[in-house]
Amino acid sequence: MTTSETHPHSPSPETKERILASALAIFGEKGYHNATMAEIAEDANVGKGTLYWYFSSKEDLFSGMIEQGIQTLNGKLQSILGDHSLTFSQLLVEFNREYLHYFYDHRQLARLFLSNHSGLSSKFHDRMFQWHTDFVKVNNDIIQRGLKTGLFRPDLEVDWVATAFTGIISAFGNRQFLGDNQEQIEAEALFIYNLMVDGIGIKDEGDKSL
């Protein structure tokens, strides 16, 4: 049974979290196109009016659910990037490891994103493009840091390498949410590191110690 239609005077983080958790459950069970806002409201124990107060449409709710996941991942990655106790080599491996663990731990969310984004509005796809662009920028910063440490060759086309790194780590993230590959995360994180260093590193120079 849902609660009354009284709207909150100010946003409640707890209510929003409950709505997003219910959205993940209902979208996961029925898919985006078959799920209804009424079902999500009932699962979250809020009135439909309250649900629409937080999210203006089903697409807005779906987008908010995906964006919350991306923000959570970004927070974890930024924490690693801000850890000055790590050498650059350690940081790169830990970055890879955290990214892969996140996609394994949030397989349902990743699968929903992959299988349901077609048919959504251009506004949603614009947000998808912005999320991708932001991640490439993060990886661009990583490559710049590798150059400063002397681990990477100074003649690199940084934007190209950042794009390539984004593609590589995203592909391995896909492996984690499409299959049950948790036991391979450590090996895959090291493989991505070695691929980057062997492909663009200066042989026998720079800090390669883990």
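Start with phenylalanine 62. Beyond its neighbours within four places in sequence, this residue is in contact with Phe27, Tyr32, Leu112, Phe113, Asn116, Leu120 and Phe124. Contact here means heavy atoms within 4.5 Å.

A word on the source. This is a predicted model, with local features needing pLDDT of at least 70, side-chain atom pairs counting only at pLDDT 80 or more, and totals for chains, interfaces and linings using all residues. Residues are numbered from 1 along each chain as its sequence is written, and side-chain values use heavy atoms, with hydrogens and water left out.

Now the core. Phe62 belongs to the largest nonpolar core, which has 61 residues. Phe27, Leu51, Leu61, Phe62, Met65 and Phe95 touch the most other members. Helix H5, residues 88-105, gives the most to this core, with 10 residues. At least three residues come from each of domain 1 (13-55) and domain 2 (58-198). By nonpolar core I mean a set of buried Ala, Val, Leu, Ile, Met, Phe, Trp, Tyr and Cys residues joined through side-chain atoms within 4.5 Å. Buried is under 20% relative accessible area, exposed over 50%, partly exposed in between, with a 1.4 Å probe and protein chains only.

Next, a helix pair. How do H4 and H7 pack? Helix H4 (residues 58-81) and helix H7 (residues 122-149) meet at about 5°, with axes 11 Å apart. The axes are lines fitted to C-alpha atoms over the stretch in contact, and angles run from 0 to 180 degrees between N-to-C directions. So H4 is roughly parallel to H7, a label for angles under 35 degrees. On the H4 side, the contact includes Phe62, Ile66 and Ile70. On the H7 side, Phe124, Trp131 and Phe135 are among the residues. By class, the contact has 10 nonpolar, 2 polar and 5 charged residues.

Zoom out to the domains. Their bounds come from an automatic or database domain assignment. The centres of domain 1 and domain 2 are 27 Å apart, taken over C-alpha atoms. Their contact takes 16 residues from domain 1 and 14 residues from domain 2.

Last, the whole protein. How many helices and strands are there? There are 9 helices and 0 strands. Helices are DSSP runs of H or I, at least four residues; strands are E, at least two; numbering goes from the N terminus. Of the 210 residues, 42% are buried. The C-alpha atoms fill a box of roughly 65 × 35 × 30 Å along the principal axes.

Technical notes: Parallel < 35°, antiparallel > 145°, perpendicular 65-115°, else oblique. Nonpolar A, V, L, I, M, F, W, Y, C, P; charged D, E, K, R; others polar.
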